[in-house]
Amino acid sequence: MNLSILLVALLASPLVFTLIMAATPQSAGRPAFAGMHMASLSIVLGLSLAVGVPALVSGQAVDACGLWLHVDALSAIFVLLIGIIGFLTGLFSLPYVRHDAEAGLMGADRVKQYYALYSLFVFTMLLAAASNNLILTWAAIEATTLSTVFLVGIYRNRDCLEASWKYAIVCTSGVAFGLFGTLLVYANAADVMANPHEAAFFTAIMPYAGQFDPMLTKIAFAFALIGFGTKAGLFPMHTWLPDAHSQAPSPVSGLLSGVLLKVAILVIIRFYMVALAAVGALFPSVLLLTVGILSVVTSAFSLVRQHDIKRKFAYHSVENVGIIAVALGIGGPLGIAAALLHCVFHGITKALLFCLSGNLLMTYGTRDLRRITGVIEVAPVTATLLTVSLFGLAGFPPLAMFVSETMTFVAGASAHLLWVVVVVALALTVVIAVIMQIISGSVLGHAPEGQAKGDVEPLALVPEFILLACIVWFGVATPTPLVAGVENSCAIVLQSDDLDALHTAPLYRAVFDSQAAAPQAADVQNG
Amino acid sequence: MGYTLVNILGALLIVTSTLVLLSKTTRRAVLCYAVQSAVLVALLFTLGVTTGARELIIWAVTATVTKVIFVPLVVWNVYKKMGCPDESNLASRLKPAWSIILVAAEVLVCFVAVGGIQLPTAAAVRPALAISLAHFFVGLTCIISSRNIMKQMFGYCLMENGSHVTLALLAPQAPELIEVGITTDAIFAVLVMSFVVLRIWRGMHTLDARDLTNLKG
């Protein structure tokens, strides 16, 4: 079937299901909404694989609706991330919502709201990733906030209300900076392009980016970094993140941290491409390295103070988004490849960890790590999953994040930015210490008196085992389509076929077994 | 003559946004924001006539409906639904004099930043462009300095107005679809934020940002 039609169907399906769920009376009951929810996410999973994998492997972009939708290898990585993690956290939602409904935490109205907004959230992220239009991309990112505000505040207690307000005000005003940056790029493009009506499309403006006003481009990039960096959770605009992630239902936290932050990174990469072409690498690199290093260092120390497991994981998200910014700031094919791989690997790892925090919440009824002890005695399967995934988060081999973090260090050393590598590595030692504290204090130790024993139901464990398998698989043998997609994406970001720096980098061939084939990105020239 | 009027209206925009920033009550903030939006409409209309851009005239009409009427009406309705609560203990974190000094500093910095832009379309409207950029920071100041969460919402509205003016100044021929997209999204943002404020009022009976500081660290 025509991939363009599939792309439109991919975007339309979660929106249609949202509308159907919104129109269905809540008396239809939880199983009916759960069924529609899974139908929506199954279709999204299938279509994202159908559209994303060919774009990833062949480098041939899929276009639809004229210039409006464009899935190239770069956006395919994020479309696949949305499809796969959206499905798995969505599957985890079934036992989680049932538990909350049975515990009286979620009434019938909120169950309906949860499932309808979940599909709407997936739709807005897909739109942001697949949009080729600057303004539509901004509107989609803004819409991700508006669709999730009520998910964050779904329990409607005092803390949830506070978190949803902070999330709304910080992200909408932050993303307003993104709008300003977007409009400056648009105005710049409209001024130099023969057809100003095409000035809003990323692929159309890239060939002209070299002619942009340098000062305006610098202001635009700075605004875009602040704006979309707010959504990505970069320091110092990250303040909404620990609150929203800790108060949202765990599957939503997994989707927020595992996917939404990365979609915002994709938008930053698009602006990074414009800045690279217009003003060179120095200006965007300095900004990205600054916010990246600050994010890693401040979050590492903030982690120490947290006792709420979800807040802890939220600060880990800030730290890892910081690593992605550092890798982008280091730049070059190796830095960009490291950033993209870290987006994928951290996305999967963090989705798993937030689902596991849901297991703990269902088992212990608290997020307080001081009261979560002896998980190995209480829920041995959860304890095993938690231990392995925490090792993964710490960047231990042979798990996935070890690969992308090592690549970031190699990229830094190759670019003669050793001080960056040293600072990040020192901060990561603090992170590892905090992770070991969770393992020794909560996974091990003695269970509280009277704590009922037993793992969560198998349906909750299935998506977790799949995510764990991905972390191990991607760490031991990163799938060839992903490596090909990352290489094609590097060519798109750098607007160049010359990826020698990537192929000749230390360890690259050994780790990825890449044949160093020339990137097949047919649309390198048009972005 | 047309561009001079645009620059004068730009100056009026910064005056009205400062008035929003200084407003002590939601009632006054709603009024000042409606006046500021009317100035924005006048600016869009003048720029449209001066540059011959039909799109800007249409923007002026849509901005009248959305910004002068709809947004103030939504916020006012929410305020009334809460029973027009007392706001006397929700004074700004900044004293009025400091607010004015801060706005002046923001305008100054933006004039310096805009001075480096070489874009031909920016040449005639440089003062208004600097002010539209400054508008953005005035909005941010409003969000950070306000203790009243209703007023924080207006901070976002000011930022959005700043973006709107910048787009009109730098790309007057931009298709209406872009303007419609931005406005629609901004309206949804105000609606969602208003709804959250209403929930906070019903759940916690407060509009004070200091009461929303339980989650820390």
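At roughly what angle do the axes of helix 3 and helix 4 of chain A cross? In this predicted model, helix 3 of chain A covers residues 73-102 and helix 4 of chain A covers residues 108-130; their axes cross at roughly 170° and come within 10 Å. An angle over 145° counts as roughly antiparallel, so helix 3 of chain A is roughly antiparallel to helix 4 of chain A.

Now move along chain A to another pair. Helix 6 of chain A (residues 158-192) and helix 8 of chain A (residues 214-232) have axes that come within 7 Å and cross at roughly 150°. These two helices of chain A are therefore roughly antiparallel to each other. The crossing of helix 6 of chain A with helix 8 of chain A is left-handed. In the contact of helix 6 with helix 8 of chain A, 17 residues are nonpolar, eight are polar and one is charged.

Next, turn to the place where the chains meet. Here 39 residues of chain A are in contact with 41 residues of chain B. On the side of chain B that touches chain A, at least two residues each come from helix 5 (126-145), helix 6 (149-170) and helix 7 (176-204) of chain B. Helix 7 of chain B gives the most to that side, with 13 residues. The side of chain B that touches chain A is made up of 26 nonpolar, 12 polar and three charged residues.

Finally, pick out A:Leu353, which sits in helix 13 of chain A (residues 332-364). Is A:Leu353 buried or exposed? There are 29 other C-beta atoms within 10 Å of A:Leu353; since 20 or more is the mark of a buried residue, A:Leu353 is buried. Setting aside neighbours within four places in sequence, A:Leu353 is in contact with A:Phe313, A:Ser389 and A:Leu393. A:Phe313 lies 40 residues from A:Leu353 along the chain, yet their C-alpha atoms are separated by 7.6 Å.

Conventions:
Residues numbered from 1 in each chain as written. Chains lettered and ligands numbered in written order. Predicted model: local features only at pLDDT ≥ 70, side-chain atom pairs only at ≥ 80, totals over all residues. Axes fitted to C-alpha atoms, helices over the stretch in contact; angles between N-to-C directions. Helix = DSSP H or I, 4+ residues; strand = E, 2+ residues; numbered from the N terminus. Parallel < 35°, antiparallel > 145°, perpendicular 65-115°, else oblique. Left-handed = near helix turned anticlockwise from the far one by under 90°. Nonpolar A, V, L, I, M, F, W, Y, C, P; charged D, E, K, R; others polar. Contact = placed C-beta atoms within 7 Å. Buried ≥ 20, exposed ≤ 12 C-beta atoms within 10 Å, placed from the backbone.
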